[in-house]
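These are my notebook entries on one structure. I looked up its cross-links, its charged pairs and its core.

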Amino acid sequence: QVQLVESGGGLVQPGGSLRLSCTASGSIVSIHTMNWYRQAPGKQRELVAASTSGRNTNYADSVKGRFTISRDNAKNTVYLQMNSLKPEDTAVYYCYVYSTTRDYRFLEVWGQGTPVTVSS
């Protein structure tokens, strides 16, 4: 089927930067959507950034101007460049892929999550 591998999380000081990556592999015909979500303790999981196959992007208001989502379609990889990080950005970040498999089924897959901690 489809597997997602995330990397890039860690500990960073306020104002610092991190770059998350998520690579999809498996029986993929096409990827329609690659998104980033995050979930902080005691809070609901929220959409951070979205990237469609048409290369349209959307951002949560809280990260607009600071985060940038990008895709390398040849590598089936999505990135999240996070700049000017704030303590409130602390959360586990999850990659999400909506794809079509080789047997022409639509499939939603979540990454394992990568923790991001913004603290001095």
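Entry 1: I began with Asp103, which counts as partly exposed at 41% relative accessibility. For this I used the rule that buried means under 20% relative accessible area, exposed over 50%, and partly exposed in between, with a 1.4 Å probe and protein chains only. Arg105 is exposed, with a relative accessible area of 59%. The side chains of Arg105 and Asp103 meet in a salt bridge, 3.4 Å from N to O. A salt bridge here is a side-chain nitrogen of Lys or Arg within 4 Å of a carboxyl oxygen of Asp or Glu.

**Entry 2: basis of the values.** I note that the model is predicted, that local features need pLDDT of at least 70 and side-chain atom pairs pLDDT 80 or more, while totals for chains, interfaces and linings use all residues. Residues are numbered from 1 along each chain as its sequence is written, and side-chain values use heavy atoms, with hydrogens and water left out.

**Entry 3: the salt bridge network.** How many salt bridges does the rule give? I recorded five salt bridges. Arg38, Glu46, Arg66 and Asp89 are linked in a network of them. Asp89 is buried at 1% relative accessibility, and Arg38 is buried at 7%. Their side chains form a salt bridge of 3.0 Å, N to O. Asp89 sits in the loop between β8 and β9 and Arg38 in strand β4, 51 residues apart. Strands are DSSP runs (E, at least two residues), numbered from the N terminus. Asp89 also forms a salt bridge with Arg66, whose closest N and O atoms are 2.8 Å apart. Arg66 lies in the loop between β6 (57-59) and β7, so this pair ties together parts that are 23 residues apart in sequence. Arg66 is buried at 11% relative accessibility.

**Entry 4: the disulfide.** I found one disulfide, by the rule of a pair of cysteine sulfur atoms within 2.5 Å. Cys22 and Cys95 form it, with sulfur atoms 2.2 Å apart. Cys22 lies in strand β3 (residues 18-26) and Cys95 in strand β9 (residues 91-101), so the pair ties together parts 73 residues apart in sequence. Both cysteines, Cys22 and Cys95, are buried.

**Entry 5: the core.** Which residues have the most contacts inside the largest nonpolar core? I listed Leu4, Trp36, Val48, Phe67, Leu80, Met82 and Tyr93, in a core of 29 residues. Such a core is a set of buried Ala, Val, Leu, Ile, Met, Phe, Trp, Tyr and Cys residues joined through side-chain atoms within 4.5 Å.

Key. Helices (H or I, at least four residues) and strands (E, at least two) are DSSP runs, numbered from the N terminus.
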